[in-house]
Amino acid sequence: MKDTMVELSIANSDDMDAIAALHATSWQAIYRGLLSENYLNHDIFQDRQNIWQQRFAAPEPHQRILVAREGENLCGFICIYLDNHSQWGTLVENLHINRAYQGVGLGKQLLQSAAKLAHQQTADKGMYLEVLAGNQAAQTFYQKLGAFNARAQQWQAPDGSLVEEFVYRWQSVAPLFVK
């Protein structure tokens with residue numbers, strides 16, 4: 001993000017392959033030691049490609065995907081499901097930032113844009129996401145933006161393992177606008 005600007009926009013099918021690749025490489029970096037080595041080394045790229053093909057081919061009506069681009073480069077993305085939970089509101093399903101763009105506020109910018117979108121399109125019941133218990137960096141990031149750990153649960157990971165995770169939430173998206 002040196003001399004040029006990163007632009008946020010709604011994702012389209014042309015973004016699918018880059019989103020799937022960033023999702024897979026992000027998981028390889030973050031989930032090493034949390035998911036099986038075989039999955040992370042061999043299966044993850046096809047698995048994430050299948051997920052994103054499905055999301056773009058048959059999107060849920062309440063699904064929204066925002067991308068951050070610098071020229072032709074995908075810098076990051078966020079996938080949300082508006083008003084996904086009757087009490088907790090909008091689900092942040094994915095938020096991933098290219099390693100070259102981490103630490104410069106892009107994750108916060110994508111999260112804020114998603115919060116504004118949720119606020120405009122649905123009743124403000126808040127926002128929530130699931131984060132692996134072993135992903136301390138993500139937990140710290142969300143806590144700094146006002147989220148709190150609402151509960152612990154287990155996730156049935158795509159490699160077949162059960163992984164401890166937390167549900168972080170914001171009771172309202174409005175505070176994200178000013179952070």
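## Briefing: a pocket and its aromatic neighbours

The lining of the largest pocket is made up of 24 nonpolar, 13 polar and eight charged residues. Please keep in mind that this is a predicted model.

**The largest pocket**

- The space in the largest pocket comes to about 1100 Å³.
- Lining this pocket are 45 residues, and the closest to its centre are Tyr31, Asn94, Leu95, His96 and Tyr142.
- Helices H1 (16-30), H2 (37-57), H3 (106-121) and H4 (136-144) each give two or more residues to the lining, as do strands S4 (89-97) and S5 (127-132).

- About one helical turn separates tryptophan 52 from phenylalanine 56, because they are four residues apart in helix H2.
- Tryptophan 52 has a relative accessible area of 0%, so it is buried; phenylalanine 56, at 18%, is buried too, since the cut-off for buried is under 20%.
- What kind of pair do the rings of tryptophan 52 and phenylalanine 77 form? Their centres are 5.3 Å apart and their planes stand at 85°, so the pair is edge-to-face.

**Arginines over rings, and an aromatic cluster**

- Arginine 55 lies over the face of tryptophan 52, at 4.5 Å from the ring centre.
- Arginine 48 has its charged end over the ring of tryptophan 27, 4.1 Å from the centre of that ring.
- Tryptophan 27 belongs to one aromatic cluster with Tyr31 and Trp155; Tyr31 is also among the residues closest to the centre of the largest pocket.

**Proline 61**

- You will find proline 61 in the loop between H2 and strand S2 (63-70).
- Is proline 61 buried or exposed? Its relative accessible area is 71%, so proline 61 is exposed, the cut-off for exposed being over 50%.
- From proline 61 to tryptophan 155 the C-alpha to C-alpha distance is 24 Å, and the two are 94 residues apart in sequence.

Key: Residues numbered from 1 in each chain as written. Predicted model: local features only at pLDDT ≥ 70, side-chain atom pairs only at ≥ 80, totals over all residues. Heavy atoms only, no water. 1 Å grid on protein atoms, 1.4 Å probe; cavity = no way out; pocket = protein on both sides within 12 Å on 5 of 7 lines; lining within 4 Å. Points joined across faces, edges and corners; volume = space filled by probe spheres on them. Nonpolar A, V, L, I, M, F, W, Y, C, P; charged D, E, K, R; others polar. Buried < 20%, exposed > 50% of the residue type's maximum accessible area, 1.4 Å probe, protein only. Phe/Tyr/Trp six-rings, centres within 6.5 Å; stacked < 30°, edge-to-face > 60°. Lys NZ or Arg CZ within 6 Å of the ring centre and 35° of its normal.
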